[in-house]
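Dear colleague,

I am handing over the structure below, and I would be grateful if you could read the notes that follow with the model open beside them.

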Amino acid sequence: MISRRRLVRYLSSLPFLGGWAGANLLTGDASGATAAARAAPDYRNYFQEMGLRPFINAHGTITALSGSRMPPEVQDAWNYATRHYVNLDAIQDKAGERIAKAIGCEYATVTSGAFSAMTLGLAGVMCGMDEEKVRQLPNTDGLKDEVIVLKPPHPVGYVHALKNTGATLIEVETHQELEDAISEKTAMLFVLNAYNGSEIEREELAAIGKERGIPTFNDCAADVPPVENLWKYTDMGYDLVAFSGGKGIRGPQSAGLLLGRRDLIEAARLHAPPRGATIGRGMKVNKEEVLAMMVAVERYVNIDHEAQWGRWESQIQHVADVVEAVPGVETEYYVPDIANHVPSLRITWDPERVKITPSEADAQLKQGHPSIETGGGSEDLSVATWMMRPGEVNIVAQRIHDVLQEATA
Ligand SMILES: *Cc1c(COP(=O)(O)O)cnc(C)c1O
């Protein structure tokens, strides 16, 4: 495997090929010569200067691991936006229309993440277009301020986004509990798409909201792929739906989407910058996030998802083949149901033959050269390839093989 640095040097010695061939090899994004031509090599190794170690991401779209990498056309949009001024509300207006059209929902806005989409969306539901109420939050006097949340199977911190408005959350598990919880104070019905531990189906919650005239919200932050999820839940009847920008869609990690009803999204925007006397003033996105998010969505709905899935599967197969060559090592292919719904590999071994714990193996992979982040746990190592560049999968397979091989007596 030719090192990245040597490759950059070699390619930059070729006057014509250097630009685009290099970019394609390094980014692995077959997105056409124009975008790739602008994906310049790294002239400064900023992270190294700072004493940071970049790593190969064999885990997935993890917030603490900096999310995803923006593809070249999204980087282009980001860079373009840095060079110009534009009115912030005007670009949100236009991007909202374009994103809604690409996804096939009524309206959209770019937020500073799925978390802020939850806060702003609920604030919009609570205050409508009343500017006085907007300024009043997080004081909820005189407002409907209870949100009924379908109980997740385990505590999920993200619902804190709803409390930022001053609202109170009521968790329900059964139909009866839901019925009993609905009152004059009910502002919204809410479900975490990936973590519904109640007996109430998502379809039912959307229908109950419609019937009772109570807005419904579905947090789908990490729930593409499949791409269809981008429109599935607004089609199902949810008034508001949130997605993260920097997970599967591969927009900026500092962005997210609030999708759904125009009147509610317009109301949500009253709480967002540039307006100041609001609970959402700290949830700023600038022209860069807005434009890059729009371009990321338009790209994502148009890529060949089937071909991409096939590549991920064959990469997983490759990792399985390489690591299974170590005696005592077994692998299992799996795809999580919702959230991080991508081909993944669970690697386990017979501790009598491979004398290392999964946590120790994970630590060795982190500390090695190059550093590799897996979804290491106490029971097994897990790997997903969707956030890797092509070529990195070979390195990861070989490193895991070597770490496990060295541990065999
Ligand atoms: C990641 C995530 C969030 C937060 O999304 P951000 O885009 O990081 O704000 C909220 N809910 C769920 C279920 C998530 O997975």
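Ser198 counts as buried, at 13% relative accessibility, where buried means under 20% relative accessible area, exposed means over 50%, and partly exposed covers what lies in between, with a 1.4 Å probe and the protein chains only. Ser198 sits in the loop between β5 (186–192) and α11 (202–212), the helices (H or I, at least four residues) and strands (E, at least two) being DSSP runs that are numbered from the N terminus. The side chain of Ser198 reaches the backbone nitrogen of Ile200 at 3.0 Å, which is a polar contact, that is, a pair of N or O atoms within 3.5 Å, where within protein one must be able to donate a hydrogen and the other to accept it, and residues adjacent in sequence count only if both atoms are side-chain atoms.

Please keep in mind that this is a predicted model, in which local features need pLDDT of at least 70 and side-chain atom pairs count only at pLDDT 80 or more, while totals for chains, interfaces and linings use all residues. Residues are numbered from 1 along each chain as its sequence is written, and side-chain values use heavy atoms, with hydrogens and water left out.

Helix α6 (residues 88–103) can be described in a similar way. In α6 the buried residues are Leu88, Ile91, Gln92, Ala95, Gly96, Ile99, Ala100 and Ile103, and because they cover an arc of only 155 degrees around the axis, they are on the same side of α6. An α-helix has 3.6 residues a turn, so residues three or four places apart point the same way. Lys94 and Lys101 are exposed residues on the face of α6 turned away from its buried side. As for length, the 16 residues of α6 should span 22 Å at 1.5 Å a residue, and the end C-alpha atoms are 22 Å apart, which agrees; the expected span is 1.5 Å times one less than the number of residues.

Next comes the ligand. Which residues surround the ligand? They are Gly113, Ala114, Phe115, Tyr158, Asp219, Ala221, Ala222, Ser244 and Lys247, a residue being near a molecule if one of its heavy atoms lies within 4 Å of it. By class, this shell has five nonpolar, two polar and two charged residues, where Ala, Val, Leu, Ile, Met, Phe, Trp, Tyr, Cys and Pro count as nonpolar, Asp, Glu, Lys and Arg as charged, and the others, Gly among them, as polar. An oxygen atom of the ligand is 2.8 Å from a polar backbone atom of Ala114, an oxygen atom of the ligand is 2.7 Å from an N or O atom in the side chain of Ser244, and a polar side-chain atom of Lys247 lies 2.9 Å from an oxygen atom of the ligand. Taken alone the ligand exposes 390 Å², and the protein buries 89% of that, with accessible areas taken from the Shrake-Rupley method with a 1.4 Å probe and, for residues, only the protein chains shown counting as cover.

Several loops deserve a look at their backbone. The peptide bond from Leu137 to Pro138 is cis, with omega near 10 degrees, and Pro138 is placed in the loop between α8 (131–136) and β3 (146–150). The bond from His369 to Pro370 is cis, with omega near -10 degrees, and Pro370 lies in the loop between α16 (358–367) and β11 (371–374). Arg250, although not a glycine, has a positive phi of about 60 degrees; Arg250 belongs to the loop between β7 (240–244) and β8 (256–260) and is buried, with a relative accessible area of 10%.

Finally, His271, in the loop between α13 (262–269) and α14 (287–300), counts as buried at 0% relative accessibility. The C-alpha atoms of His271 and Val134 are separated by 6.5 Å, with the two residues 137 apart along the chain.

Terms used: Arc of directions from axis to C-beta.
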